[in-house]
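Hello,

I am passing along the structure we talked about, and my notes follow below it. Have a look when you get a moment.

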Amino acid sequence: MTKQLETNRQRYGIAGQAVLVARNGQVLFRGADGEADIATHTPVIETTVFPVYSLAKLFASTLAVQRIEQGALTLDGPIGATLPGLPAHWQGIRLRDLLDHTSGLPEYFEAPQNGTLAAPLPADARAVFAALAQTPLQFAPGTRTRYTQTNYLVLAALLAADGGKPYPQLVEDRILRPLQLRHTWLGPAALPKHGVATAYTGRNGQLMPDPDLAWPDDALGHAALYTTLDDLARFLQAMTDGELVGRATLQALWQPRTLPDGQRGWFAAGWEYGDNGIDRQVGHDGGTRVRVRVLFAGSLDGDVDTVVYLTNGSARNVWSRTLVDSILAAMAPERFPAEALAETLRSLALDTGQDDDLRARARAIRAASPLDDIAFERTVNATGYAVRENFGIDPALRVFALNADLFPMSANAWDSLAEAYAAKGDDVQANALYEKARALARDATRRKD
């Protein structure tokens, strides 16, 4: 996996990174690579402190689940019963909907553009409640998923009201001190002077400093968490071992949620939820920089794998999911065939010296993959869009062309290829391919009829 770290750093222009992979609490891999500060060339080491942004939400969800397990709070109880002062149309929202971003609450701030906020951050949660009191919900609670920071601002306020203490003190009392997480901080005020990674973002392919916002204390349920590789791994181990929440409780709550329209929600008790047919996967991200993931085959009583991937930013703003997937592909390609395929395709997309044998390579890649045709085509298509986002149209065209070559009767494969040519500015080729996709779609509809 050391080689994969080097590949990722070079491929995406990652400033610095640290990764830990464990099974049942036993470390399988632990490594660091790159620079914590590119101006001073300070290297990332395994004890470097990273800003981890929205991973803060995992602490808030853990505190909530503890209180649910204790019977003090209920998933389907109205939040207004615990938290006074809410706008009237928020009071009936369920705790479940805050945790899973299905509340319909509007976002309380606009993400900064080039480091600049459109408006100052509110001073506290009460200011947010007042500012949004006349704003309608985005949808009826429990009917859709829309990720907002407001959900966890309200959740932190609710937990403080329930616990009778400021939210940061609850985190200290119930998570940091019991687990002896001595290198984890909410907010930057108490950070050490040295050993903290500088955050960067990619602008025009270059790394630029990207300091965190000056979040008020009431926002610490969703932002401004700083921690290390080992502290995060310890937190994940404690969760899956039942130290913070009983395994039976967690097992019951880490379940997919079906919304009224039949779609599956994105979250389970505040953790991103996925299922690859073998493993359940729960975790969270801090945007393009950091991600944690827990993997288990049905039950927490069996083998449990955890992955922590921390970076301080990349020139290409690569999504953190891609980074974790690459580690899984390197760790066990036979267990994670979709992730392994995506990593192979990324290498192919960037290998501009092999255009002449693209068809032969496509067939070799298909023959080597255990995925069925539907999963294979879907993975190739998704990887094509990811490559387009990170590397531009020409590398993505190679991936989309491979899909169309392997699945010539797929309207979707030709449509994606046409879209890429349109983005490249080749309207003649794009229109021809769009027509091909439409014809295949009409034929498919006739066959169904």
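Which residues of the largest nonpolar core touch the most other members? Please keep in mind that this is a predicted model. The core holds 82 residues, and those that touch the most other members are V154, L155, L159, Y167, W215, F235 and W271. In soluble globular proteins, nonpolar side chains tend to be buried together.

Setting aside its neighbours within four places in sequence, W271 is in contact with L58, S61, F235, L236, M239, W254, W266, V282, G283 and V294. There is also a second, separate core of 47 residues, with L323, F407, A420 and A430 among them.

Next, the sheet. Three strands form an open sheet in the order β4-β8-β5, and their pairing is antiparallel. Because β4 (50-51) and β5 (185-186) stand at the edges with a single partner strand each, one side of each has no neighbour in the sheet. Between β5 and strand β8 (residues 225-227) there are 2 bridges in the antiparallel sense, and W185 stands opposite Y226 in β8.

Last, a pair of helices. Helix α9 (residues 320-331) packs against helix α10 (residues 337-350) at an angle of about 105°, and their axes are 8 Å apart. That angle makes α9 roughly perpendicular to α10. On the α9 side the contact involves T322, D325, S326, L328 and A329, which meet E339, A340, E343 and R346 in α10. Sorted by class, this contact has 3 nonpolar, 2 polar and 4 charged residues.

Happy browsing, and best wishes

Technical notes
Residues numbered from 1 in each chain as written. Predicted model: local features only at pLDDT ≥ 70, side-chain atom pairs only at ≥ 80, totals over all residues. Heavy atoms only, no water. Axes fitted to C-alpha atoms, helices over the stretch in contact; angles between N-to-C directions. Helix = DSSP H or I, 4+ residues; strand = E, 2+ residues; numbered from the N terminus. Parallel < 35°, antiparallel > 145°, perpendicular 65-115°, else oblique. Contact = heavy atoms within 4.5 Å. Nonpolar A, V, L, I, M, F, W, Y, C, P; charged D, E, K, R; others polar. Pairing = 2+ DSSP bridges. Core = buried A, V, L, I, M, F, W, Y, C linked by side-chain atoms within 4.5 Å. Buried < 20%, exposed > 50% of the residue type's maximum accessible area, 1.4 Å probe, protein only.
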